[in-house]
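Please examine the model shown below before reading the numbered points that follow.

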Amino acid sequence: MPCSRIRTALSARVDGEALPPDVAVPALEAHLASCARCRRWEESARRLRQATLPADGGETSGADRLLAHLRAGSGARAEDGREWGGTQAG
């Protein structure tokens, strides 16, 4: 089974969703046993999922906190004439 199909199944598993119907758990586990890249991908997906969950049962997710931090930082850049993705005018 191709890694792309396994990673789709891993994404579902990490999110607590059902695996795609064409991916059985034994096939997924067999692939992971032989593919270090997919094992690393799954670990990265788990870390990302954990980082974006609300901290301490709060309502603000890690993703929301990151976006707020980035927005606060973008204000300082706008003051000197630069903006994200653009160039300085003049």
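**Note on the helix packing**

1. Helix 1 meets helix 3 through Cys3, Ile6, Arg7, Leu10, Ser11, Arg13 and Val14, which touch Arg37, Cys38, Trp41, Glu42, Ala45, Arg46 and Arg49 of helix 3. Contact here means heavy atoms within 4.5 Å. By class, this contact has 7 nonpolar, 1 polar and 6 charged residues. Ala, Val, Leu, Ile, Met, Phe, Trp, Tyr, Cys and Pro count as nonpolar, Asp, Glu, Lys and Arg as charged, and the others, Gly among them, as polar.

2. The model is predicted: local features need pLDDT of at least 70, side-chain atom pairs count only at pLDDT 80 or more, and totals for chains, interfaces and linings use all residues. Residues are numbered from 1 along each chain as its sequence is written, and side-chain values use heavy atoms, with hydrogens and water left out.

3. The chain contains 4 helices and 0 strands, and its pattern along the sequence is α-α-α-α. Helices (H or I, at least four residues) and strands (E, at least two) are DSSP runs, numbered from the N terminus. Of the 90 residues of the chain, 18% count as buried. Buried means under 20% relative accessible area, exposed over 50%, and partly exposed in between, with a 1.4 Å probe and protein chains only. Among contacts with a separation of 6 or more, 31% join residues 24 or more positions apart.

4. Two packed helices are described by the angle between their axes and the distance between the axes. Axes are lines fitted to C-alpha atoms, for helices over the stretch in contact, and angles run from 0 to 180 degrees between N-to-C directions. Helix 1 (residues 3-14) and helix 3 pack at an angle of about 30°, and their axes are 10 Å apart. Helix 1 is therefore roughly parallel to helix 3. Angles under 35 degrees count as roughly parallel, over 145 as roughly antiparallel, 65 to 115 as roughly perpendicular and the rest as oblique. The crossing of these two helices is right-handed. A crossing is left-handed if the near helix is turned anticlockwise from the far one by less than a right angle, and right-handed if clockwise.

5. How does helix 1 lie relative to helix 2? Their axes come within 11 Å and cross at roughly 115°, so the two are roughly perpendicular to each other. This crossing is left-handed. From helix 1, Cys3, Ile6, Ala9, Leu10 and Arg13 take part, and they meet Leu28, Glu29, His31 and Leu32 of helix 2. The residues of this contact divide into 6 nonpolar, 1 polar and 2 charged.

6. The axes of helix 2 (residues 25-34) and helix 3 (residues 36-52) come within 5 Å and cross at roughly 110°. Helix 2 and helix 3 are therefore roughly perpendicular to each other. On the helix 2 side the contact is made by His31, Leu32, Ala33 and Ser34, and on the helix 3 side by Ala36, Cys38, Arg39 and Glu42. This contact has 4 nonpolar, 2 polar and 2 charged residues.

7. Within helix 1, the residues Ile6, Ala9, Leu10, Ala12 and Val14 are buried. Their cover includes helix 2 and helix 3. The 12 residues of helix 1 should span 16 Å at 1.5 Å a residue, and the end C-alpha atoms are 16 Å apart, which agrees. The expected span is 1.5 Å times one less than the number of residues. Just after helix 1, Gly16 takes a positive phi of about 80°.

8. Which residues does Glu42 touch, not counting residues up to four places away in sequence? They are Leu10, Arg13, Val14 and Leu32. Glu42 lies in helix 3 and counts as buried because its relative accessibility is 9%.

9. His31, in helix 2, counts as buried at 14% relative accessibility. Apart from its neighbours within four places in sequence, His31 is in contact with Met1, Cys3, Ile6 and Cys38.

10. Arg7 is in helix 1 and is partly exposed, with a relative accessible area of 21%. Leaving aside neighbours within four places in sequence, Arg7 is in contact with Arg37, Cys38 and Trp41. The C-alpha atoms of Arg7 and Ala45 are separated by 9.6 Å, although these residues are 38 residues apart along the chain.
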